[in-house]
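Subject: Handing over the model, with notes

Dear colleague,

Here is the structure that I promised to pass on to you.

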Amino acid sequence: MSKYFNKKTVPYWIIAVLVILIAIILAVHFKANSSSQTTTATVKTSSSSEKASSSTKKYVAGKDYKITYSNTNLIDKATIQKGLKASYLTDINDLMNTDQQTGSNMAKIEVYYNKDKNLLVERLFKNGYKDNQPTQTVGYDLQKHAMNLDKTFGNDYLNQPLVYTWEKLTK
């Protein structure tokens with residue numbers, strides 16, 4: 001046997017081959033998932049009535065969606081954005097995506113500021129909502145920098161100032 005293939009190096013060669021095989025399997029798996037998601041997005045974009053307004057297929061503020069900040073004298077935009085980011089509500093492509101598996105499918109987001117509780121309350125409206133009833137209501141505790149998922153109630157946002165609205169304009 002050569003110096004590369006002797007009894008002492010066989011386990012190392014077996015491990016090296018297994019590592020290479022696993023790397024190839026993972027690469028093929030991720031490439032397949034990436035390709036299928038890209039294909040799905042392309043088909044969805046090209047066949048859906050929800051095409052982006054611009055020719056580059058990027059969503060355009062004022063045409064595809066609208067963002068409104070109000071009561072900025074009470075709370076600054078950066079603080080609102082921090083709460084939205086913690087809730088994963090800053091990705092416009094995700095918000096506009098109507099695919100139930102991969103997208104948020106949002107029609108509207110309202111954020112209220114409860115100064116007494118130092119809380120941002122996010123009312124989330126998925127496409128198809130009725131009677132101005134949110135699909136989900138969550139809170140972001142500004143003091144703890146944490147989501148307040150199970151403890152957000154109507155009295156946390158009722159009669160509180162609306163500070164942010166995101167609204168989908170395209171149908």
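A residue is called buried here if its relative accessible area is under 20%, exposed if that area is over 50%, and partly exposed in between. By that cut-off Thr165 counts as buried, because its relative accessibility is 13%. Thr165 belongs to strand E6, and, once its neighbours within four places in sequence are set aside, Thr165 is in contact with Lys66, Ile67, Thr68, Lys108 and Ile109. Please keep in mind throughout that this is a predicted model.

The overall fold

The protein chain has three helices and six strands, and these follow one another along the sequence in the pattern α-β-α-α-β-β-β-β-β. Of the 171 residues in the protein chain, 29% are buried. Among the contacts with a separation of 6 or more, 53% are between residues 24 or more positions apart.

The six strands form an open sheet, in which the order is E1-E6-E2-E3-E4-E5 and the pairing is antiparallel. Strand E1 (65-69) and strand E5 (146-147) are found at the edges, and each has a single partner strand, so one side of each is left without a neighbour in the sheet. Helix H2 (residues 77-86) lies across E1, strand E2 (106-114), strand E3 (119-126), E4, E5 and strand E6 (162-168), and its direction is at about 55 degrees to E3.

Aromatic pairs and charges over rings

Tyr69 and Tyr164 form an edge-to-face pair, with 5.3 Å from centre to centre and 70 degrees between the planes. Because Tyr69 lies in strand E1 and Tyr164 in strand E6, this pair ties together parts that are 95 residues apart in sequence. Tyr69 is partly exposed, with a relative accessible area of 25%, whereas Tyr164 counts as buried at 3% relative accessibility.

Tyr112 and Tyr157 form a tilted pair, with 5.6 Å from centre to centre and 35 degrees between the planes. Tyr112 lies in strand E2 and Tyr157 in the loop between E5 and E6, so this pair ties together parts that are 45 residues apart in sequence. Both Tyr112 and Tyr157 are buried.

Two lysines are also placed over rings. The charged end of Lys77 sits over the ring of Tyr69, at 4.9 Å from the ring's centre, and Lys108 lies over the face of Phe125, 4.6 Å from the ring centre.

Salt bridges

The structure holds three salt bridges. In one of them Lys108 is joined to Glu110, and the closest N and O atoms are 3.4 Å apart. Lys108 is buried, with a relative accessible area of 11%, and Glu110 is buried as well, at 9%. The side chain of Glu110 also meets that of Arg123 in a salt bridge, at 3.1 Å from N to O. Since Glu110 lies in strand E2 and Arg123 in strand E3, this pair ties together parts that are 13 residues apart in sequence. Arg123 is buried too, with a relative accessible area of 7%.

Another salt bridge is made by the side chains of Lys117 and Asp156, at 2.5 Å from N to O. This pair links distant parts of the chain, with Lys117 in the loop between E2 and E3 and Asp156 in the loop between E5 and E6, 39 residues apart. Lys117 counts as partly exposed, at 46% relative accessibility, while Asp156 counts as buried, at 1%. Through salt bridges that share partners, Lys108, Glu110 and Arg123 are joined into one network.

A colleague

Conventions: Residues are numbered from 1 along each chain as its sequence is written. This is a predicted model: local features need pLDDT of at least 70, side-chain atom pairs count only at pLDDT 80 or more; totals for chains, interfaces and linings use all residues. Side-chain values use heavy atoms; hydrogens and water are left out. Two strands pair if DSSP finds at least two bridges between them. Helices (H or I, at least four residues) and strands (E, at least two) are DSSP runs, numbered from the N terminus. Contact means heavy atoms within 4.5 Å. Axes are lines fitted to C-alpha atoms, for helices over the stretch in contact, and angles run from 0 to 180 degrees between N-to-C directions. Rings of Phe, Tyr and Trp (its six-membered ring) pair if their centres lie within 6.5 Å; planes under 30 degrees apart count as stacked, over 60 as edge-to-face and the rest as tilted. Buried means under 20% relative accessible area, exposed over 50%, partly exposed in between (1.4 Å probe, protein chains only). A charge sits over a ring if NZ of Lys or CZ of Arg is within 6 Å of the ring centre and within 35 degrees of the ring normal. A salt bridge is a side-chain nitrogen of Lys or Arg within 4 Å of a carboxyl oxygen of Asp or Glu.
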